[in-house]
Amino acid sequence: MTMLTYAQALNAALREEMQADTRVFLMGEDIGHHGGIFRVTQGLIDIFGAARVRDTPISEAGFVGMGIGAALAGMRPVVELLFMDFALVAADQIVNQAAKLRYMAGGTVSVPLVIRAQQGGGRGNGAQHSQSFESWFAQVPGLITLAPATPADAKGLLKSAIRAGNPVVFVEHKLLYNTKGEVPDGEYLTPIGKAEVKRIGRDVTIVSYSRTLLSALEAAELLAQNGIEAEVIDLRTIEPLDMVTILESIKSTARLLVVHESHANCGLGAEIIARVYEQLPNALVAPARRLGAKHVPIPVAEALEHSVLPQTADIVAAVEAMFD
Amino acid sequence: MPLSPDRLPDAYRQMLVIRKFEEAIRSLYQQGKIRGSFHPCVGQEATAVGGCWAVRTDDYLTCTYRGHGQALAKGLSVRAAMAEMLGKATGCSKGKGGSMHFTDPSVGLLGANAIVAGGLPHAAGAALAAQLEKSDRVALAFFGEGAVNQGVFFETLNLAAIWKLPVIFICENNRYSEMTPSHATTATVETYKRGGSFGIPASIVDGNDVEAMYQAVEAAVSRARDGGGPSYLEAATYRLWGHMMGDPEIYRTKEEVARAREVEPIVRLSRRLKQLGHSEDDLARLESEAATIIADAQQFAEDSPVPDPADALTDVFA
């Protein structure tokens, strides 16, 4: 095991996959000598050269689309969007093109493309630099959506994404890059479509992923002080959703809270809860709850942003209310 | 390098296959045998044949929903194309893509696109793949002049220019963006001037002259194969039919269309062949061969099975 930051773990994944497969190359803004705004691609241009670590103009639709074209022609491009918010500038290429080309071609082509981007709030970056879109992406057939929370999963899932042979939206979070964690030495892959129980507990199941997973784990420790043992599930993969792990957990806890930073309205939490009621209608002894961003754009001032995004205290309060 | 006169009879037959394909589709559409949209390329057969014959089978091609001609000229099976139109399991996309999404990677056809400029970056990306792999493959991106007002058009031309990608952007200017004359929608109606503004070779060519079209594309392809980067060609042509089935065509006069019919590409090529000494009988034989190809494809498509409904759930992921 080696202690790495989330950014270092992603860097290692890119380096290993580029070493193993010459078809893998990178495109994005400021990813070359600058090393990316969060340093994820730092040093890669020195190893692999400017042909495989390509600085792009601020043309998200153009270079995402070119990633699709290169993927159609057999390459394994990894494109980086500076902020997930800019995915909307490339929305046609992601949703109408990458996700659908294989289907529209009757399976005769494939689009082995990874789109990486950081999202989320917590830094006061405002409404066009703080959004979380994984619930949207999960609505698009043809996209795999991943959102790892730990350095180990970030590395293992990015390597899996590059090898997936399909379009992958790889969701990072701007507050995770400097978080540290043990990363296994040597080659390993984290499987796509598999959630992981990050904390075992008997009283309530908290499902989360990405940055809010850390809040959920923090909340679980606070709840334990009051005698509530929370089981915390890290989805890791948003789509395809691992319902098996969730259902197994609530069979013993009988309580469910889903926490995410994307807006609660029509979000992933609603989907998970709906599936729980469809698949195990009598499993819960208290109504399932979801926490997500309130239904406003993400504001800048810290007091305002905290009020909009789910905080650790909100998780604690939501769980405690289930035991009233 | 010009298109050899020896190949002109074959080009004539190919253009007639495209024309008759569209005519057959119209008939099948009117019989209610085809669902969805159909955007005919009648009148634009020379751009397709001249352009696609200037590249190899392993070169890449993207086009739009008005790209039946390019797909067939690049080598897409007429049977598979016709079956796709009829929504049959034997179609090139097994009935999942239809008229607007003809795809066949075995002939370099990466896909026709329903977003007018959506395929441009795909062609450029395939060209980037060729450049990275150090192959001499090139990519052709066909689009209409309606595409030059979408943002990704500019983004792709810029990227292709700065990276010197082996891609040829071919704008078929058929004078109408859907149901509106292009001069009413486009500040620079001579679209090649936009291409040239990126510092790449850009010119206009008579898109109704298959030989001129071939020669212009071939020159751009040679330049691209030699590392000379992208080119932009505007092919001046004319859409003889409406934007789609049911277009009342209130934006133009019957006289305008009648004048265009006198200089449409198949009429032009028939005159050229006669000048070269081919007889009326020769031309009739080529037309009959084209008709046989279409009749065979139509029979094949009509006889083919419809898809198994369960197949709707396959082909999402590799």
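Residues are numbered from 1 along each chain as its sequence is written, and chains are lettered from A and ligands numbered from 1 in the order in which they are written. Because the model is predicted, local features need pLDDT of at least 70 and side-chain atom pairs count only at pLDDT 80 or more, while totals for chains, interfaces and linings use all residues.

**Figure 1. Chain A as a whole.**
Let us start with the overall picture. Chain A holds 12 helices and 14 strands, which are DSSP runs numbered from the N terminus (helices are H or I with at least four residues, strands E with at least two). The C-alpha trace spans about 60 × 40 × 40 Å along its principal axes. A compact globule of 324 residues would have a radius of gyration near 20 Å, so the 19 Å of chain A agrees; the radius is taken over C-alpha atoms, and the globule rule is 2.2 Å times the number of residues to the power 0.38. Buried residues make up 58% of chain A. A residue is called buried if 20 or more other C-beta atoms lie within 10 Å of its own, exposed if 12 or fewer, and partly exposed in between, with C-beta atoms placed from the backbone. Of the contacts in chain A with a separation of 6 or more, 79% join residues 24 or more positions apart; a contact means that two C-beta atoms, placed from the backbone, lie within 7 Å.

**Figure 2**
Follow the open sheet of chain A strand by strand: its five members come in the order E9-E11-E10-E13-E14, with mixed pairing. Two strands pair if DSSP finds at least two bridges between them. At the edges are E9 (196-199) and E14 (289-293) of chain A, each pairing on one side only. Neighbouring strands of this sheet are turned by 25° against each other on average, direction ignored. Within the sheet, E10 (residues 204-208) and E11 (residues 230-234) of chain A run parallel and share five bridges, and Ser208(A) sits opposite Asp234(A) in E11(A). Helix H10 (residues 268-279) of chain A lies across E10, E13 (256-263) and E14, at about 150° to E13(A). Axes here are lines fitted to C-alpha atoms, for helices over the stretch in contact, and angles run from 0 to 180 degrees between N-to-C directions.

**Figure 2. The parallel sheet of chain B.**
Six of the strands form an open, parallel sheet in the order E2-E1-E3-E4-E8-E7. E2 and E7 (202-206) of chain B stand at the edges with a single partner strand each, so one side of each has no neighbour in the sheet. E7(B) and E8 (residues 231-236) of chain B pair in the parallel sense over five bridges, with Ala202(B) opposite Tyr232(B). H5(B) lies across E1 (60-64), E2, E3 (139-144) and E4 (167-173) of chain B, at about 170° to E3(B).

**Figure 3. The side of chain B that touches chain A.**
Here the two chains meet, with 35 residues from chain B and 35 residues from chain A. On the chain B side, E2 (109-113), H5 (120-132) and H6 (151-162) each supply at least two residues, and H5(B) gives the largest share, 10 residues.

**Figure 4. A buried loop residue, Ala117(B).**
Ala117(B) lies in the loop between E2 and H5 of chain B, and it counts as buried because it has 25 C-beta neighbours inside 10 Å. Leaving aside neighbours within four places in sequence, its contacts are Phe143(B), Ala147(B), Gln150(B), Val152(B) and Phe153(B).

The buried residues of H10 (residues 265-275) of chain B are Pro265(B), Ile266(B) and Leu269(B). They cover an arc of only 95° around the axis, which puts them on the same side of H10(B); the arc is that of the directions from the helix axis to the C-beta atoms. On the other side, Val267(B), Arg271(B) and Gln275(B) are exposed. Among the elements covering the buried residues are H1 (8-30), H2 (45-52) and H8 (210-225) of chain B.
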